Amino acid sequence: MPHSKPTARSSRRTVMVTGSDRYLGGQLIESLAADPRVADVVGVETGAMHNGALSRLLTRARVDTVVHAAVAASAVRSGGRSAQKESNVIGTMHLLAACQRSDTVRSLVVKSSVAAYGASARDPAVFTEETELRAKPRGEFAADIADVEAYTRGFARRRKDVTVTVLRLAPLIGPTSDTSLTRYFSLPVVPTVLGFDPRVQFLHIDDALEVLHRVTLDDRTGTAGRPEVFNVAGPGVLLLSQAIRRAGRLAAPTPEVMLRTVATAARGRNIVDFSLDQLDFLRFGRVVDCGKLTRVHHITPRPTPEAFADFVAGHALMSVLGAPDPTPDGPSFAERIRDVIGTKGTGD
Amino acid sequence: MSGNDRVAEKLDELYRLVSRRLSGDYEVDEFGFDPELTEQLTLPVLRPLYRKWFRVEVIDIDHVPAEGPALLVGNHSGTIAVDAMMLQLALFDEHPAHRRLRLLAADFVFKTPLLGEYARKTGATLASNPDAERLLRAGELLGVFPEGVKGTGKPVWDRYKLQRFGRGGFVSTALATGTPIIPVSIVGAEEIYPILGNVPVLARLLGIPYFPVTPTFPLLGPLGAVPLPSKWFIQFGEPISTEGMSDLADDPMEVFNLADRVKETIQQTLHSLLERRGGAFR
């Protein structure tokens, strides 16, 4: 980084970002590097999270702020389930071990997921940060998230001098992004669970980036001894059926047993991202309250319907149903009816 | 306006509704409530049942406030929750402010395919403190049936005998949020599907709380789903204020006392309504 920036070195941050090989991590590094409040940014690839190397890096660069953005939801793109668990859970342990030994780190931000809350018929409709998490959530990614958050809580207890923030992100969506969710909605016929229409919530990827950026450079000191948790999601909800319609797709309601068979068969194989926690999500949905983020950090992601509209526009999803609306300059439906049943339009 | 014009207008309205629905261009709230679907589709289907079949009469509906939160606590009966639907329709059609009633339902409802989807879309959510408080703090009218499946699944010879009022969770919620409680007494629902017996094996198999045997079900198959045309009354009691009592929300003594008071009010009202009604199928 050039040393010609106006702010004094002492007040400027040196940030380490993990998951630099992923879209969000890479973008975050770019945006932080462009921020005058940041002196230097160090990126760490997801596969390179070993505590010895991380420790040396933290010391050499005198890193004061660590953003752990490497926890990934997709098993397929992590190179299989065992690689995913390795980087999610073991990677987090290595990072936290290195942070614990560091005497320069003052702030740690962990990118987590709303998957932490699970999804079931017994859950409240809207999760707040105070909602108690289940000890053993169902599904592999949910289990990873539970472990990551548990280790993070342990770290916060041991290093009371470090401000620890956990951001629980809703599923990401964006105009150009390629996530398991965007691929799901791009299927011409979208499988759903017969008899269930879950409420879904998304987070626009640009908003995720902005929230991460802002929270990373925030100067508040949190509660010593425990992480400060924030839900990050686009307010409002869509029903899954509604989202599928808005994307111009057709839903294929499928009996749960059949989907369960697929999910079980997909387990351990590196073909499709479909697991039991996703099946639960497709039945019960997951909605969080992100009022706390707004109150504390004065930032609100764009509403879920807007984020989804941007995804639909960006992916130029062609309606499989054909154009739903009559052309604006052609006769309206009412006019056409009047033509057929033979009345003079009274001008409405 | 000529008759044909009116037809054209109606068809146009319908066309707009259908194309809105098909393109997903409508709004649902965070609980999954779909007002358009409820008011344009579900309630119109129930309306003839309400008016012609059950001939529902409402009494003292002005006890329900025109705006702001209130907790409606009713007796539950009738095998399936037809009483909840009729109460919802009564408040929408007959209350001057056309109030939307949100309902609390047991978790088995949300586990059951189709039923759970229907429940959420028509404004129900899980009977739990967080959900109830969230709705009340948002100023909604909330309906709860503390007897739960003990009320709907009781045999016909126990009709109009209130069952246990659970742990009185509804009282805690009302106290915590300072929401008035309005006792609601519903007469008529007990006779629509009189339960003579239960087949627990089938209930377990289907994952439902009970499998009812009525004079017409399962004997007549789908025909057994036709409710008997009993005469209904819905009476709204005096609101019970809970203002400034939030510190009592976790006091079990206070909670039980208040729950008992609500239960007693409903039980007495049921007796006087039954006397007034006379025969169930007049």
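Biologist: Where does V18(B) sit in chain B?

Modeller: You'll find V18(B) in helix α1 of chain B, the stretch covering residues 3-23. Keep in mind that this is a predicted model.

Biologist: Which nonpolar patch on the surface has V18(B) in it?

Modeller: The one that V18(B) forms with V7(B), L11(B), L14(B) and L22(B). Together these residues have about 420 Å² of accessible area.

Biologist: New topic. What domains does the assignment give for chain B?

Modeller: Domain 1 is 1-30, and domain 2 is 31-277. Going by C-alpha atoms, the centres of these two domains of chain B are 31 Å apart.

Biologist: How many residues are in contact between domain 1 and domain 2 of chain B?

Modeller: Eight from domain 1 touch ten from domain 2. About 780 Å² is buried between the two domains of chain B, with carbon and sulfur atoms giving 36% of that area.

Biologist: Which three residues supply more than any other three of the area that domain 1 of chain B buries against domain 2?

Modeller: R21(B), D29(B) and E30(B), which supply 62% of it.

Biologist: And how many salt bridges does the rule find across that interface of domain 1 and domain 2 of chain B?

Modeller: Five. As for R21(B), it forms a salt bridge with D34(B), and their closest N and O atoms are 2.6 Å apart.

Note on methods: Residues numbered from 1 in each chain as written. Chains lettered and ligands numbered in written order. Predicted model: local features only at pLDDT ≥ 70, side-chain atom pairs only at ≥ 80, totals over all residues. Heavy atoms only, no water. Patch = residues over 30% accessible without salt bridge, like charges linked within 9 Å, V, L, I, M, F, W, Y side chains within 5 Å. Areas by Shrake-Rupley, 256 points an atom, 1.4 Å probe, with all protein chains shown as cover. Salt bridge = Lys/Arg side-chain N within 4 Å of Asp/Glu carboxyl O. Helix = DSSP H or I, 4+ residues; strand = E, 2+ residues; numbered from the N terminus. Domains from an automatic or database assignment. Contact = heavy atoms within 4.5 Å. Buried area = accessible area lost by both parts, 1.4 Å probe.
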